[in-house]
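Here is a short report on a single protein chain.

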Amino acid sequence: MSIKTIIRNKVRNTKLYDFYSVAIVGCKDVVQIVASFWYRLYPVQRNKIVFSSFNGTSYNGQPFEISTKLLIDDGRDIVWILPESIASICPHRSVTPNSIRAVYELMTAGVWIDNCRKKFWVRKRNNQLYIQTWHGPVCLKAIEKDAERTLPPFYVYGAKRDSKNANYIVSETEWRTTNIQQSFWYNGKIVKGEFKKNYNYEQANKKVRDYYSLNENTKILLYAPTFREDNSVDNYLNNFDEIVSTLEEKTNYQWVVIIRMHPNVASRSDYISYDTKKINGTLYPCIDDLIVAC
């Protein structure tokens, strides 16, 4: 372990650093924080449901599955937090993430449905309902409380508040239920969910190939790494030309590789120079489709 790492770890374990981290992150959101207090004066609209997936970057996951069941016009006002780049694929009205409008919709909605932690300053009102679906029934890495020593203080602070805000957390497996009880700083109600049983594999494969103009004979390799503590991309693969060349040589098929960054580091997707063999899959709305297609 380097001297720099030792010093960093020592500093990170101090209360002063905790305060510094939370304060610095909070300063970046000061306008939204002020807006959130102002909009708490507005009445809650009981028929409004605000959906968000992966911090407002995606239109997928359990929030997507739930919102598709609410397409029939029965008086609900359904709002998605989505970037403009994919908002057009959503049949509901949407607002851009990290905007004042998004804060307004959150603070005046009757229901929140999300699969990621909300920012540490977001505080649910007493007459709002918050359903947290999380984003993975089984995990092969330490998360939440299990990884508390390596998580930024502002994240831990926000995670504890988010769990306190939640009325329900959804769990698809016994493993996840135990994980939520032990590691999510949560002692509330857990709702039993289930895996998607009617997924249309042929349609998903066609959607991906049409989206990227790939024919049926082209094979697809998907590279979708998780994020690193410092949001660095230094440890990610970048020798994709060699990988594709080797696959084509060994299999006698045409290959492409779709590179999809974790939502936490989606802004770093430009670490690769893309071409017809190396495709940027970060903005594709549904990773389930990409997994099927590959």
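## Strand pairing

Strand β1 (residues 45-52) runs parallel to strand β4 (residues 109-114), and five bridges join the two. V50 stands opposite W112 in β4. The model is predicted.

β1 also pairs with strand β2 (residues 77-81), again in the parallel sense, over four bridges. Here F51 has W80 of β2 as its bridge partner. In a regular strand, side chains alternate between the two faces of the sheet.

## Around I66

F51 returns as a contact of I66. Leaving aside residues up to four places away in sequence, I66 touches F51, I113 and T133. I66 lies in helix α4 (residues 61-68). The C-alpha atoms of I66 and I113 are 8.7 Å apart, while the two residues are 47 apart in sequence.

Is I66 buried or exposed, or in between? I66 is partly exposed, because its relative accessible area is 28%, between the 20% and 50% cut-offs.

## Salt bridges

The structure holds 15 salt bridges. Side chains of opposite charge can pair when their charged atoms come close. One of the bridges joins E105 and K48, with 2.7 Å between the closest N and O atoms. This pair links distant parts of the chain: E105 sits in helix α6 (residues 100-108) and K48 in strand β1, 57 residues apart. Both ends are buried: E105 has a relative accessible area of 0%, and K48 has 1%.

D77 and R93 form another salt bridge, the closest N and O atoms being 2.9 Å apart. D77 is in strand β2 and R93 in strand β3 (residues 93-95), so this pair too links distant parts of the chain, 16 residues apart. D77 counts as buried at 19%, just as the cut-off of under 20% requires. R93 is partly exposed at 34% relative accessibility. K48, D77, R93, R101 and E105 are linked in a network of salt bridges.

D162 and R117 also meet through their side chains, at 3.1 Å from N to O. They link distant parts of the chain, 45 residues apart: D162 belongs to helix α7 (residues 153-165), R117 to the loop between β4 and β5 (129-132). D162 is buried, with a relative accessible area of 2%. R117 is buried as well, at 8%.

## Nonpolar surface patch

Which residues form the nonpolar patch on the surface? They are V30, V31, V34 and I100, with about 330 Å² of accessible area together. Helix α3 (residues 30-39) gives the most to this patch, with three residues. V34 is found in α3. V34 counts as exposed because its relative accessible area is 54%, over the 50% cut-off.

## Cysteines

How many disulfides does the count come to? The count is zero. A disulfide is a covalent bond between the sulfur atoms of two cysteines. C90 is buried at 8% relative accessibility. C286 is buried at 13%.

## The whole chain

The secondary structure comes to eleven helices and ten strands. The chain has 294 residues, and 44% of them are buried. Among contacts with a separation of 6 or more, 61% join residues 24 or more positions apart. The accessible surface comes to about 17,100 Å². Carbon and sulfur atoms account for 54% of that surface.

Conventions: Residues numbered from 1 in each chain as written. Predicted model: local features only at pLDDT ≥ 70, side-chain atom pairs only at ≥ 80, totals over all residues. Heavy atoms only, no water. Patch = residues over 30% accessible without salt bridge, like charges linked within 9 Å, V, L, I, M, F, W, Y side chains within 5 Å. Areas by Shrake-Rupley, 256 points an atom, 1.4 Å probe, with all protein chains shown as cover. Salt bridge = Lys/Arg side-chain N within 4 Å of Asp/Glu carboxyl O. Buried < 20%, exposed > 50% of the residue type's maximum accessible area, 1.4 Å probe, protein only. Disulfide = S-S within 2.5 Å. Contact = heavy atoms within 4.5 Å. Pairing = 2+ DSSP bridges.
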